[in-house]
Amino acid sequence: MEIKITRAAALKEKPDSSTLVFGKAMTDHMFIADYDEGQGWHDPRIVPYGPLQIDPAAKVLHYAEEIFEGLKAYRTADGSIQLFRPRDNIARMNESAERVCLPQIPEELALAGITRLVELEQDWVPSEKDTSLYIRPFMIGLDAALGVHASHHVQYIVVVCPVGAYYPEGLNPVKIYVEEKDVRAVKGGTGMAKTGGNYAASLRASDLAEKEGYSQVLWLDGVHRKYIEEVGSMNVMFKVSGKILTPDLNGSVLDGITRRSCIQLLKDWGYEVEERRISAEELFAAAENGALEEAWGTGTAAVVSPIGELAMGDKKVTVSGNQIGEITQKLYDELTGIQWGRVADPHGWIMKL
Ligand SMILES: *Cc1c(COP(=O)(O)O)cnc(C)c1O
């Protein structure tokens, strides 16, 4: 499919790479493709970045008929640009689409939207340490009618923005509290889909957590309110008595690509990885008897994020002496090494542009 390119009349000034705020400095162009039932996907194009014109009755605005992805383009030491497992993001986007009745998008079209836009915006891919170009593909249902039905007119859009290190001061352990009132997702709901509504449901708890001095919440399952699911918008892993534990993909946990990659690396290194139900009670007991050695979140934005303190009700425990743990650091170094092309990529995760 040919992609029509309309260039911006004037280019923006690029921001200073040392002071980038996540998700704010959008580039000069964006990719859009339309879908209409009966016609399929059509008119893929790159146009100047700018506001969308959306009918106020469009379904996305009322019923959150929206899904998204997040990945990055990395500049390597030789100046080339590469992506990390982009086909996994597209496969997941199609799984999310299925859950909220948005159409499937052919992998090659979704991927071309990403690669052609990044190529056009290549001067926006920063080269300072730990910086990258964040890529946000999303799909929205646009039928202009307030009835609750799946849309027949849909757009797939890709926007990109340079981002700095998620934690500019370096990998510092964060404080987390176990959320016992709100839940993010339930089995049978949309927890395994990357859809905007899940995030709306999570805002109140994370707001409260921040006010109490915590950086994220640890979500419990929505049915028993006992089992650990995720941390903020990341998957979560624990090292307990030398073994790695992570919640299984039970239907309400998002199947993170960083999670997948960490599990593979951990197995490569000879660790036993258990994907299973983990209750908050089990975790706190392990912390209290010294068996909990490390805890960290995993996600594209931060890669891995060490957890230094966990609180539930009036219980508080420190993890790894509030220092970054050895495996947490090793995972961070290995994954970022592969992503920026500093270390070998034995699993074929890298796609060069
Ligand atoms: C995107 C996301 C993750 C992390 O997925 P990655 O593919 O590793 O970036 C984890 N949990 C939630 C709820 C997410 O939306």
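Helices (H or I, at least four residues) and strands (E, at least two) are taken here as DSSP runs, numbered from the N terminus. The model is predicted, so local features need pLDDT of at least 70 and side-chain atom pairs pLDDT 80 or more, while totals for chains, interfaces and linings use all residues. Residue numbers start from 1 along each chain as its sequence is written, and side-chain values rest on heavy atoms, with hydrogens and water left out.

Most residues other than glycine have a negative phi. Asp43, not a glycine, has a positive phi of about 50 degrees; it sits in strand S3 (residues 40-48). Val303, in strand S16 (residues 303-312), also isn't a glycine and has a positive phi of about 70 degrees. Asp43 is partly exposed, with a relative accessible area of 48%, whereas Val303 is buried at 5% (buried is under 20%, exposed over 50%, partly exposed in between; 1.4 Å probe, protein chains only).

Turning to the domains, the assignment, automatic or from a database, gives domain 1 (4-163) and domain 2 (174-339). Their C-alpha centres lie 27 Å apart.
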